[in-house]
Amino acid sequence: MALTDKDPHNLRETLRVMRLSAQAAKRKQRGKSIKRIENEIDRIRETAQAREDARRKH
């Protein structure tokens, strides 16, 4: 279930992206790479968007 009608993410995905963003901020502050976390966030967003596109197509 999406938070809004225009949001492709469900609640679990939204919370996961928020948690990963917080981790990325901490790592960036310490001067560490956040590329892996950014890739994971992108993967979650792409999966959610693909699911919503398929739902709208039907």
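Biologist: In which helix is M18 found?

Modeller: This is a predicted model, where local features need pLDDT of at least 70, side-chain atom pairs count only at pLDDT 80 or more, and totals for chains, interfaces and linings use all residues. Residues are numbered from 1 along each chain as its sequence is written, and side-chain values use heavy atoms, with hydrogens and water left out. Helices are DSSP runs of H or I with at least four residues, numbered from the N terminus. Residues 11-29 form such a run, and M18 is found in it: helix α1.

Biologist: Is M18 buried or exposed?

Modeller: Buried means under 20% relative accessible area, exposed over 50%, and partly exposed in between (1.4 Å probe, protein chains only). M18 counts as exposed because its relative accessibility is 53%. The answer is therefore exposed.

Biologist: Which helices hold R16 and E40, and how many residues apart in sequence are the parts that the pair ties together?

Modeller: The side chains of R16 and E40 meet in a salt bridge (3.0 Å, N to O); the term stands for a side-chain nitrogen of Lys or Arg within 4 Å of a carboxyl oxygen of Asp or Glu. R16 lies in helix α1 and E40 in helix α2 (residues 35-57), so the parts tied together are 24 residues apart.

Biologist: Which residues are linked with E40 in a network of salt bridges?

Modeller: R43 also forms a salt bridge with E40, the closest N and O atoms being 2.8 Å apart. R43 and E40 both lie in helix α2, 3 residues apart. The residues linked with E40 in the network are R16 and R43.

Definitions and conventions: Helices (H or I, at least four residues) and strands (E, at least two) are DSSP runs, numbered from the N terminus.
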